[in-house]
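Hi everyone, thanks for making time today. I'd like to walk you through one protein, so please have a look at the screen.

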Amino acid sequence: MTKPAIAMTLAISAIGAAGIALAGPAAADSGEVRSAICDFARNMGNYTYRDADGYWQRVVDRSTGDFQSWFKQLWKDSLRDNIISTHARGEIGTPDCTVTSVDHGHAEGSYDSYETITSDSGTQTKHVVMSVGLDYEHGNWLVSRGTPVSGNS
């Protein structure tokens, strides 16, 4: 397994330990929540070593709480260096996003997609299924909890 693939696999596994959530108003339209989940998935799964810091900013802008703290620490510890040193690029297919509940500024849902990671070591495609929690903060649904679902490979 390539360094970027290992880093992303660790990232996906660690998300479950850290938790992910997105935020929104109590009477939020589930379409708004679904859109936020898909936006997060696209920004989490699409990156290039040529704009690693832009990738970091996009993920941080779409997250909060435990997930954001975890991502910032992983970035500082190893993810940024791994992406840049191995010339890694990630491309996620169109995510299938679902909303399971919306209640008083908190929502739950998931996304399902395939991500292709290309680096100096080759190309790997993996199935990504994430259960996410969302919290509504400052007018936006932001990811604060995420749990990998079986089938990630």
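I'll begin with the overall picture and then turn to one helix and one of its residues.

A word on the source: this is a predicted model, where local features need pLDDT of at least 70, side-chain atom pairs count only at pLDDT 80 or more, and totals for chains, interfaces and linings use all residues. Residues are numbered from 1 along each chain as its sequence is written, and side-chain values use heavy atoms, with hydrogens and water left out.

The protein has four helices and seven strands; these are DSSP runs, H or I of at least four residues for helices and E of at least two for strands, numbered from the N terminus. Their order from the N terminus is α-β-α-β-α-α-β-β-β-β-β. Of the 153 residues, 47% are buried, meaning under 20% relative accessible area with a 1.4 Å probe, protein chains only. If we take contacts (heavy atoms within 4.5 Å) between residues at least 6 apart in sequence, 66% of them join residues at least 24 apart.

Now the inside. The largest nonpolar core has 32 residues, and F71 and Y111 touch the most other members. Such a core is a set of buried Ala, Val, Leu, Ile, Met, Phe, Trp, Tyr and Cys residues joined through side-chain atoms within 4.5 Å. Elements that each supply at least two residues of this core include α2 (30–45), α3 (52–61), α4 and β5 (106–119). Leaving out residues up to four places away in sequence, F71 touches M44, Y55, W56, V59, V60 and L79.

F71 is also one of the buried residues of α4, along with W70, L74 and W75, among others. Helix α4 covers residues 65–85, and its 21 residues reach 29 Å from first C-alpha to last, close to the 30 Å expected; that expectation is 1.5 Å times one less than the number of residues. There is a kink of about 65° centred on W75, where the bend is the angle between axes fitted to the seven residues ending there and the seven starting there. After α4 comes H87, with a positive phi near 55°.

The Q68 side chain reaches the backbone oxygen of S63 at 2.9 Å. Beyond its neighbours within four places in sequence, Q68 is in contact with V60 and S63.

Thanks, that's my tour!

Note on methods
Buried < 20%, exposed > 50% of the residue type's maximum accessible area, 1.4 Å probe, protein only. Polar contact = N/O pair within 3.5 Å; in protein donor to acceptor, adjacent residues only side chain to side chain.
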